[in-house]
Amino acid sequence: MKKLINNPENVVREELEGIAAAHSDRLRVSLDPYYVMRSDAPVKGKVAIVSGGGSGHEPMHGGFVGDGMLDAACPGEVFTSPTPDQILAATKAVSGGSGVLHIVKNYTGDILNFEMAADLAKEEGIEVEAVVTNDDVAVQDSLYTAGRRGVGVTVLAEKICGAAAKAGKNLSEVAELCRKVNSEGRTMGMALTSCTVPAAGKPTFELGEDEMEIGVGIHGEPGRQRRKVAPADEIVDLMATAITDDLPFKTGDRVLAFVNGMGGTPLIELYIVYRALDKFLKGRGIRVERNLIGSYITSLEMAGCSITLLRLDDEMLGYWDAPVNTPGLRWGA
Amino acid sequence: MGVTYEQAQALIANFAAAVATNKEYLTELDSAIGDGDHGINMDRGMRAVMPKVEALSGADISTLFRTVAMTLISTVGGASGPLYGTLFLQLGTSSKGTVELAPSDWSEGLSAAVAAVQSRGKAVPHDKTMIDALLPASQALAARLAAGDDFVSCLAAAEEEAHQGALATIPLVARRGRASYLGERSAGHQDPGATSSWLLMTATREAFAKGN
């Protein structure tokens with residue numbers, strides 16, 4: 001295993017220390033327990049948004065903390081849920097008196113730990129609502145999940161809800177918007193390689209030299225099928241068909257098209273994927289209003305990509321376009 | 001006759017010792033149908049618990065259990081952390097304001113704690129989880145107490161039910177948790193969470209039998 005790390009045991013801690021050093025203009029980092037929050041928290045009178053999950057998916061979620069997006073993010077160990085004490089501490093630190101939204105990806109550990117933290121926060125008088133994301137069309141029930149996994153749409157939900165909270169929407173409105181984004185979005189991923197968790201020292205799964213895994217999860221969990229690598233156009237056709245058929249997306253729908261790198265795939269390939277996706281959507285009469293291309297929800301160094309389509313309305317579009325100032329996403333600020 | 005602070009503390013110490021002794025066994029069970037870290041995680045949690053518990057001074061039983069709960073949830077991780085955390089948190093809530101627990105207080109507290117774990121994890125009997133050991137144990141305790149048996153016999157019955165419950169998970173196909181992904185392949189293996197729950201019931205009987 002070759003990685004740019006020091007002791008594998010200290011990966012998360014050292015990453016957080018690096019974040020603190022780099023982004024002290026916008027972020028504060030707590031090292032006991034671990035969480036990242038916006039430096040001007042708590043923002044009084046605004047719904048606060050907290051998310052979190054295993055480390056190894058950067059920039060999600062710590063990279064999305066800042067004005068117009070998350071108020072705090074809780075990183076667990078690599079590919080491991082954060083614990084209730086982290087989530088509770090972060091929730092208390094950013095609560096501005098208008099309630100807190102927890103955005104939770106559908107993985108059993110995340111669900112259990114966030115639920116427990118929400119109960120503890122409520123005991124302390126903080127109003128918490130949680131929304132679970134489950135946009136992955138690949139499989140029903142998987143290694144770490146009952147039901148569909150929460151993947152790419154989570155990034156879009158964090159941005160859109162962050163803007164809504166900033167615009168002064170109340171807790172139930174922001175939560176309802178989050179549910180809408182989740183229900184209007186669909187994702188599928190694929191992998192060309194596995195990834196290696198530092199503490200484990202070996203790949204999370206085996207993939208042959210000429211094989212790919214369609215429908216892979218962001219921790220390397222199995223997908224729908226393992227098959228021989230195919231040209232990008234064929235892969236995109238397969239994934240885009242599965243995604244559009246699932247909602248289903250119809251002629252005339254307006255979408256945000258999100259091509260995401262899993263961490264180990266270069267931008268040159270992501271643009272080749274986008275080219276194919278753009279043609280596919282035009283062929284179906286689906287209008288792309290906005291796009292996002294890059295590595296935003298990763299799986300360490302796994303090579304591969306995911307495609308997320310979000311059916312937009314004017315409200316979501318407006319919130320997507322609103323200014324945002326985080327290390328992972330920044331425009332208008 | 002009942003449960004004193006010292007006995008509650010002994011329960012925790014006994015459980016920590018049992019988890020340490022059985023760490024490899026629990027991990028082995030978890031490797032077969034999980035991700036192989038139940039023993040490691042529970043041992044890490046209980047080793048963090050002991051110094052915290054020993055440092056408490058002038059505390060009551062409720063505070064003791066709550067301290068155990070908060071330590072476990074921040075150190076165990078995965079699903080076991082929140083589930084065992086919920087168990088001890090409810091035990092803490094149920095014993096609020098008491099200096100010594102009557103046998104019926106302990107029984108009611110345990111039943112409430114098991115219900116809280118079921119509510120948290122959404123497991124029902126035969127899902128192949130810790131509930132398959134804890135639920136029969138708490139039910140046996142309540143039934144035997146209601147029948148008028150002495151406390152120690154009731155605790156021994158609870159321990160035996162937990163033991164049988166853990167063994168009964170062997171042929172089951174998991175319907176909850178990590179093991180459920182394996183489907184049919186989870187059959188033939190004893191559930192690690194049910195096993196550590198049995199250790200907890202044994203630790204309980206040993207701690208409460210002294211002085212009762």
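Visitor: In which loop of chain A is His61(A) found?
Guide: This is a predicted model. A cis peptide bond joins Met60(A) and His61(A), with omega about 0 degrees. As for its place, His61(A) is in the loop between strand 3 and strand 4 (72-78) of chain A.

Visitor: How many helices and strands does chain A have, and what is its radius of gyration?
Guide: Chain A has eight helices and 14 strands. The globule rule gives 20 Å for 333 residues, and chain A comes close to that, so it is as compact as a globular protein of that length. Its radius of gyration is 19 Å.

Visitor: What percentage of the residues in chain A are buried?
Guide: A residue counts as buried if 20 or more other C-beta atoms lie within 10 Å of its own. The C-alpha trace of chain A spans about 50 × 50 × 35 Å along its principal axes. Of the 333 residues in chain A, the buried share is 56%.

Visitor: What separates the centres of domain 1 and domain 2 of chain A?
Guide: Chain A is divided into domain 1 (11-183) and domain 2 (185-320). Their centres are taken over C-alpha atoms. The separation is 23 Å.

Visitor: Which helix supplies the largest share of the side of domain 1 of chain A that touches domain 2 of chain A?
Guide: Here 29 residues of domain 1 of chain A are in contact with 33 residues of domain 2 of chain A. Helix 4 (153-166) and helix 5 (171-184) of chain A each supply at least two residues of the domain 1 side. The largest share is eight residues, and it comes from helix 4 of chain A.

Visitor: On which side or sides of helix 7 of chain A do its buried residues sit?
Guide: In helix 7 of chain A, Val273(A), Tyr274(A), Ala276(A), Leu277(A) and Phe280(A) are buried. They cover an arc of only 170 degrees around the axis, which puts them on the same side of helix 7 of chain A.

Visitor: Which exposed residues does the opposite face of helix 7 of chain A carry?
Guide: The buried residues of helix 7 of chain A pack against helix 6 (232-246), strand 10 (254-261), strand 11 (287-294) and strand 12 (304-311) of chain A. Another face is turned away from that buried side. Its exposed residues are Leu267(A), Ile268(A), Tyr271(A) and Lys282(A).

Visitor: What is the radius of gyration of chain B?
Guide: Chain B has nine helices and zero strands. With 212 residues, a compact globule would have a radius near 17 Å, and the value for chain B agrees. That value is 16 Å.

Visitor: How far apart are the end C-alpha atoms of helix 8 of chain B?
Guide: Helix 8 (residues 151-168) of chain B has 18 residues. At 1.5 Å a residue they should span 26 Å, and the computed distance agrees. The end C-alpha atoms are 25 Å apart.

Visitor: What covers the buried residues of helix 8 of chain B?
Guide: The buried residues of helix 8 of chain B include Phe151(B), Cys154(B) and Leu155(B). Their cover includes helix 6, helix 7 (131-146) and helix 9 (192-209) of chain B.

Visitor: Is Lys122(B) buried, partly exposed or exposed?
Guide: Lys122(B) is found in the loop between helix 6 and helix 7 of chain B. Its phi is near 60 degrees, a positive value in a residue other than glycine. With 14 other C-beta atoms within 10 Å, Lys122(B) is partly exposed.

Visitor: Which helix of chain B gives the most to the side that touches chain A?
Guide: The contact takes 15 residues from chain B and 16 residues from chain A. Helix 4 (61-75), helix 5 (80-94) and helix 6 (103-121) of chain B each give two or more residues to the chain B side. The most, four residues, comes from helix 5 of chain B.

Definitions and conventions. Residues numbered from 1 in each chain as written. Chains lettered and ligands numbered in written order. Predicted model: local features only at pLDDT ≥ 70, side-chain atom pairs only at ≥ 80, totals over all residues. Buried ≥ 20, exposed ≤ 12 C-beta atoms within 10 Å, placed from the backbone. Arc of directions from axis to C-beta. Contact = placed C-beta atoms within 7 Å. Rg over C-alpha atoms; globule rule 2.2 N^0.38 Å. Domains from an automatic or database assignment. Expected span 1.5 Å × (residues − 1).
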